[in-house]
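Here is a short briefing for a first look at this structure. Keep the sequence and the 3D view side by side as you read.

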Amino acid sequence: RRPLALQHPKLEEKVVDFEALIRDPKTLLLPPQAALVIALGTTRKKAGSEAAFRHVDYEMSLALARAASHSQARGVLLVSAIGADSRSPVFYSRVKGETERDIAAVGIPSCHFYRPSLLEGERSEKRSGERIAQILAPLYNPLLVGPLRRYRSVSSLRVAEMILNQCKDLKPGCFHHESEEFLT
């Protein structure tokens, strides 16, 4: 949605007009057999409303997947969230689940959905609630055992590493990677 402050010889940056992409997925052409990583998202507070949140997290992500399908991508890898469920009574979890469900239906050969808990790492924007949780995580993570272990905070670098490794070996099918996978 905006330029990165990152440069690398193997990185090709495309700033996307998402409104045009939503209207016509063909406005974004990807290399054939590409693996598309979608790490797009916002918060309800930053978006300003549930509809605006849904526009970013659902509509824009789905438009990217449709563009990838049109370009004959071999895979799409989406950073979703713990608890994603299209039937959830919780708005955030429901939107994440609907996004996963509808991207899986686009017809891309390999779909991977990553469902981390709280992500540890630097952010360019200030999210005070997340920052407090990150500070407290070393204290409460050891207390989260058994079925609660899945709620331990997760290194954003570990999630990125898993996604990068998966891009190298995309098998056909739809796969969900739960938060516990990022802890090992």
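In which loop is glutamine 33 found? Glutamine 33 is found in the loop between helix H1 (18-23) and strand E1 (35-38). Helices (H or I, at least four residues) and strands (E, at least two) are DSSP runs, numbered from the N terminus.

This is a predicted model, in which local features need pLDDT of at least 70, side-chain atom pairs count only at pLDDT 80 or more, and totals for chains, interfaces and linings use all residues. Residues are numbered from 1 along each chain as its sequence is written, and side-chain values use heavy atoms, with hydrogens and water left out.

**Backbone: two glutamines**

- Glutamine 33 has a positive phi of about 65°, although it is not a glycine.
- Glutamine 33 is exposed, with a relative accessible area of 51%. Buried means under 20% relative accessible area, exposed means over 50%, and partly exposed is in between (1.4 Å probe, protein chains only).
- Glutamine 72 also has a positive phi, of about 60°, and is not a glycine.
- Glutamine 72 lies in the loop between H3 and E2. Its relative accessible area of 57% makes glutamine 72 exposed.
- Most residues other than glycine have a negative phi.

- Leucine 77 sits in strand E2 (residues 75-79). Leucine 77 is buried, at 0% relative accessible area.
- Leaving aside neighbours within four places in sequence, leucine 77 is in contact (heavy atoms within 4.5 Å) with residues including Ala35, Leu36, Val37, Ile38, His112 and Tyr114. Ile163, Gln166, Cys167 and Leu170 are also among the contacts of leucine 77.
- Leucine 77 and valine 106 are 29 residues apart in sequence. In space, their C-alpha atoms are 13 Å apart.
- Aspartate 57 lies in helix H3 (residues 50-70). Aspartate 57 is buried, with a relative accessible area of 2%.
- The side chain of aspartate 57 makes a polar contact with the side chain of lysine 96, at 2.5 Å. A polar contact is a pair of N or O atoms within 3.5 Å; within protein, one must be able to donate a hydrogen and the other to accept it, and residues adjacent in sequence count only if both atoms are side-chain atoms.
- The side chain of aspartate 57 also reaches the backbone nitrogen of threonine 42, at 3.0 Å.
- Not counting residues up to four places away in sequence, aspartate 57 touches Leu40, Gly41, Thr42, Val95, Lys96 and Thr99.

**Salt bridges**

- The count comes to 10 salt bridges. A salt bridge is a side-chain nitrogen of Lys or Arg within 4 Å of a carboxyl oxygen of Asp or Glu.
- Glutamate 100 pairs with arginine 115, with the closest N and O atoms 2.5 Å apart. Glutamate 100 lies in helix H4 (residues 91-104) and arginine 115 in strand E3 (residues 110-115), so the pair ties together parts that are 15 residues apart in sequence.
- Glutamate 100 is buried at 3% relative accessible area. Arginine 115 is buried at 13%.
- Aspartate 85 forms a salt bridge with arginine 87, at 3.4 Å between the closest N and O atoms. Aspartate 85 is partly exposed at 28% relative accessibility, whereas arginine 87 is exposed at 71%.
- Aspartate 169 forms a salt bridge with lysine 171, at 2.6 Å between the closest N and O atoms. Aspartate 169 is partly exposed at 41%, and lysine 171 is partly exposed at 46%.
- Salt bridges that share partners join Glu100, Arg115, Arg150, Glu178 and Glu180 into one network.

**Cysteines**

- How many disulfides does the structure hold? The structure holds 0 disulfides. A disulfide is a pair of cysteine sulfur atoms within 2.5 Å.
- The closest cysteine sulfur to that of cysteine 111 is in cysteine 174, 5.3 Å away, which is too far for a bond.
- Cysteine 111 is buried at 2% relative accessibility, whereas cysteine 174 is partly exposed at 39%.

**Surface patch**

- Ile132, Ile135, Leu136 and Leu139 form a nonpolar patch on the surface. Together they have about 410 Å² of accessible area, from the Shrake-Rupley method with a 1.4 Å probe, where for residues only the protein chains shown count as cover.
- Patches are made of residues with over 30% relative accessible area and no salt bridge: like charges are joined within 9 Å, nonpolar side chains (Val, Leu, Ile, Met, Phe, Trp, Tyr) within 5 Å.
- Isoleucine 132 is found in helix H5 (residues 128-140).
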